[in-house]
Structure formats: C-alpha cells, structure tokens
Amino acid sequence: MDKLRILLFFTVFAAFVSCGSDDAPDNIEPRLYVVGAEDVTRTEATVTGGVEVQGGADVPRLWFVYGAGGSFDSVSPELSAGADGRVSYRLAGLTAGTEYSFRLCGDNGRVTLCSGVGGFSTMPNELPSVGDPVLLGHGPMSAIVGYEIVSDGGEAVTETGCYVTETGSTDTLKAVAVSVGGGSWRVYVDGLKRHSSYELCPYAVSRVGEGRGATLVYATADAVVTVEPGSLESLVGDGWDGFVSLSFAGPMNGDDLCVLRRMMGRDINGRPAGGSLAVVDMTDARIVAGGGSYDGSRYSADDVVGYGLFAGCGVSEVALPSTVKVVERDAFLDCGSLTELTIPASAEDVAPSAGCARLESVGVSAANVRYASVDGVLFDAEVTRLVWFPMGKTGGYVLPETVTAVGDYAFSGCSITGFTLPDGLEELGQGVFYGSLVEEAVMPASLRLLPTATFQACRRLRAVRLGAGLEFVSDYAFDGCPLEHLYVEAVYPPVCNADAFATDYAELFSTCVLHVPQRSVGMYKADRSWGMFDNIVGM
C-alpha cells in the first residue's frame, strides 16, 4: 500500500514538472481594476483604473462607465493606457452632493471585460454667499441698499432681497431686490417710521438654503408726509414760516410746490415772502402733475424739477426726490445761498442753473447710471462731457483727461481763477468762460476753434495760452478782457472773424504782448488781424 502511494506521488510530480512555463497557455485575458477617484469637486472628479496583461494577450481598448444611484448610464471616450498600465479620465457635469459608481471596461476583440466597482461622492453645494450691503441713497423714510451675490454656491438663486427689522422689534419684513447686472442687486426700502432705527440685512435663497450678508444699521429722520397731493398747506398750518430744516414725503403737485416756495422765501409772484426754510430734503417726495401754478406761470409735471421751481429761494441744501427724471435749465436760477446739491439715482436729463454763486458741489447718487460727480463737478457717466460746473468753486481747476467736450457757458460766472483743459478736448461751447473770474487759461493743442465769446466779460483775465492746433478764432473771443499776455503756439496764424478782437477794452492791442513761434513772427505781423498787436515776440 505504501509503495502504491509513493508511485502515485512521483507520477503527479512528474506531470507537474512537465507543465513548465514554456508550455503555459497564451490566451489568459487581461485583468482590469479601478484605483479610485481624486480631485473631487461639486461637479467634477478624476477616476483612475488600470490593466494587467497576462501571457501574450493584447492590451484592450479601454473606457469608463459611470453613473449615480448604482447605474452605469454614462460612458467616457475610448482611452489608452500608459506604460504602467494606468488610465485616468476627468468626469464633468456631475451633480453636487451625489454618490457615483464607476468601472473600467475593455475589449480586446475576443471578449469584453470590466473591473470591479469603484465609487465616490461629489461635494455638496453651498449656501449662497452675499456681500456686505452699501447704502446707495436714503431719505427720512426710505433707503436704497445695494449688494452683490458673491457666489451662488452651485445652485440657482430662487429669491433675494433684504430683511428689514426695526431695532428692538421682533417683526421683520422682506423687501424684494432688483437685479442691476453683474451679480449686483438693489433694494428700495420705503414705508419706514420717522425717528427710528432699522437693521437692513441682504439675503439670498437657493435649494441648499439661505445665505445672509452683514447687517446695515440706518436711522430715519422726521418728514412732512403728504398722503394726498395739495395737502401741504394744511399740514404745515400757520407755522409755515418757522421751519429752517424740513423733510418731505409723498406726492406734491403745483399747489404744494407753491407752498414750498413760500416756505423757502418766495411768493407766487417771485417777491420775498416770510419763509426761512433753508435745508430741504425731498428724497421721499414725488413731484406730480396737477394743482395750480407754482410761480404764477408754470405748472408741475410728473418727476420734473421745472424751470424756476427754486428760483430766487434762500435754500442752502436741497435733496431732490428720488423719482426725479428731469432737472430743467435754471430750475435753481439765482439761488445765491445754495451750496450743495445732489442729483438722484433716477435722473436722466439734467441741465445747469445760472446765478448759484455759492454752489460748491453738485453731487450724484452712486446708483445713478447716467451721471458722475468728480470733485463736485457734474459730468456724464463716462466723464467725457461736462454738464454742470458749480460757480462757488475757487482756486485753480484742471479738467479730467477723459473730457472731450465742454458745453455752452459751462464756466460762466464761476470763481475759478486758473483753468487747464485736457489735451483730448475737441469741442468747446460758446461763452464757456463768460463773466468768470478766471485770470489765466491754458487751452489744449487739440482745440481747433475758439468759439464766440469764449472769454467775454472776463474782467480779471491776464494770460491765455492757445494750442498749436488752433485754426479759427470767432467773434468777441476776448471782449472786455484786460489781457497782458496771449500765447499762440500755432505755426500759421489762425483765421479770425471780423469781430474776433472786438472789445470794449480799447488798450488791448497796445498793452497785450502776443507770443508766437519764433519762426512765425513775420507771418503774424503781416496778418490783417494778428498784425494789430503792437507787441509781437517770438517764443
């Protein structure tokens, strides 16, 4: 029995030895496997797998199949393994906060193979991120708040606005926001109580939840509220002439504006009245059509600050209604005490007023998209066109380099003593410095035309420098100017109108020294117009 066992052992051993590596089968299929997922975000992940080739088998074509909830309904493009047999692919368009499964599959022409199953979970979406609120404008019973949705957290924002809570109260209201583009939002909050403090907090809601910004604290002031147009006279009563500072809210028609003018010191005929109202806040008021004339000849129109509405009044500060669209020319005519004016966010068409000798600043709401204020000077939004220059500004003034046009009488009557205009200025209106206190002006080389009455009645003007591009001088350009030095950088004498040098200052040609390019002295002396100067010197 023992001999039989020994014989059987050696028989099996011999059979095993005879099946050495030289005789191993060459059709063992490759083995596919998955390693895992890396760099997983809310919507993307990189999956990695590999192939082990055994025997002489071919490396198969490879691809990943993947899906959520145990399915494999998505397929990657065909992939090639590297030298180490590894293969990776970046999955995109995934759903946040979701579990995914994946496998590596291949086909070598004989059979389709698949690895075991790997898995990963995408990062969940986040709450929306809301920036800090900014107070863009305000009134005694309202506020305009701006903020940004910094990030939507990967989900669509379904609601955004501002929580409004009176300080010390548990009652909170929601004010709906309006998009102004680029992730920026704006909320108009009205109906607030007078002399009260409020906490304003912007929020944004998505499927994940609600994100909030910081809290802005805002305090309201007092105001006269006109619930119905035409009611101002009864609201202010017999004490109408005792107000120095007052805020207004509600609709105001021609009758109300007539009362307002009387409170500001002018009756319906423009004569002095007993009112002493100097600081006027109309932010929450709205000018509406209707009622009688506010000055004996003109009537109110919806959202229009009409011609002469504040004319001759003793106001020092005015905040216009937040709904105003038009400010007509000379709406503030001869408001000699006015020092500061702010143009509201809604304004679309603004014209300057003459005679505001103390006006130092014309501001504009940060929410206005048509106008900009630079150092108290009103420009269009791109700062290419000057709209309103305050007469009360003093000292020297250099226009921004972006300005290309200055309108008629833009600096008329102003107190600036020295002007420097930008090199890119192309257009200058007539009478632009009329009656101003300018003593010296530097005109840019780009200016080709010196318009009619440019410096007319500038009784302090002593020196003007005209650029090399000047080609034409219009009538009465220097009328009434006691010029001492006129610098003209143009090589060829500019053409002059017949009355270009007409002036009531008879000594102009004898007292003013004309400075021209050295090589052009002879041409200027021979010119019919420029040759009238007694003193022409080269520079």
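1. Two strands count as paired if DSSP finds at least two bridges between them. In this predicted model, β22 and strand β24 (residues 326-327) meet that condition, since they pair in the parallel sense over two bridges. One of the residue pairs involved is Val305 with Val327, the latter being the bridge partner in β24.

2. The pairing belongs to an open sheet of three strands in the order β22-β24-β26, with parallel pairing. The edges are taken by β22 and β26 (349-350); each has a single partner strand, so one side of each is left without a neighbour in the sheet. As background, strands of a sheet pair through backbone hydrogen bonds, either parallel or antiparallel.

3. Ser293 sits in the loop between β21 (279-287) and β22 (304-305). Is Ser293 buried or exposed? Its relative accessibility is 11%, and buried means under 20%, so Ser293 counts as buried. Leaving aside neighbours within four places in sequence, Ser293 is in contact with Gly254, Cys258, Ile268, Arg298 and Tyr299.

4. The side chain of Ser293 also has polar contacts with the backbone. A polar atom of this side chain lies 3.2 Å from the backbone nitrogen of Asp295. The side chain of Ser293 reaches the backbone nitrogen of Ser297 as well, at 2.8 Å.

5. Salt bridges come next. Side chains of opposite charge can pair when their charged atoms come close. How many salt bridges are counted in the model? The count comes to 19 salt bridges.

6. Asp303 forms a salt bridge with Lys325, with the closest N and O atoms 3.9 Å apart. Asp303 lies in the loop between β21 and β22, and Lys325 in the loop between β23 (317-319) and β24, so the pair ties together parts that are 22 residues apart in sequence. Asp303 is buried at 7% relative accessibility, whereas Lys325 is partly exposed at 37%.

7. Another salt bridge joins Lys193 to Glu166, where the closest N and O atoms are 3.3 Å apart. Lys193 is in the loop between β15 (184-189) and β16 (197-205) and Glu166 in strand β12 (residues 159-166), so this pair links parts 27 residues apart in sequence. Both partners are partly exposed: Lys193 has a relative accessibility of 48%, and Glu166 has 22%.

8. The side chains of Glu471 and Arg448 meet in a salt bridge as well, at 3.0 Å from N to O. Glu471 lies in the loop between β37 (463-466) and β38 (472-473) and Arg448 in the loop between β35 (440-442) and β36 (449-450), so the pair ties together parts that are 23 residues apart in sequence. Glu471 is partly exposed, with a relative accessible area of 42%. Elsewhere, Arg61, Glu78 and Asp107 are linked in a network of salt bridges.

9. The count of disulfides comes to zero.

10. Leu235 lies in helix α2 (residues 232-236) and is partly exposed, at 45% relative accessibility. Beyond neighbours within four places in sequence, Leu235 is in contact with Val224, Val225 and Thr226. Leu235 and Val225 are 10 residues apart in sequence, and their C-alpha atoms are 8.3 Å apart in space.

Note on methods:
Residues numbered from 1 in each chain as written. Predicted model: local features only at pLDDT ≥ 70, side-chain atom pairs only at ≥ 80, totals over all residues. Heavy atoms only, no water. Disulfide = S-S within 2.5 Å. Helix = DSSP H or I, 4+ residues; strand = E, 2+ residues; numbered from the N terminus. Buried < 20%, exposed > 50% of the residue type's maximum accessible area, 1.4 Å probe, protein only. Polar contact = N/O pair within 3.5 Å; in protein donor to acceptor, adjacent residues only side chain to side chain. Contact = heavy atoms within 4.5 Å. Salt bridge = Lys/Arg side-chain N within 4 Å of Asp/Glu carboxyl O.
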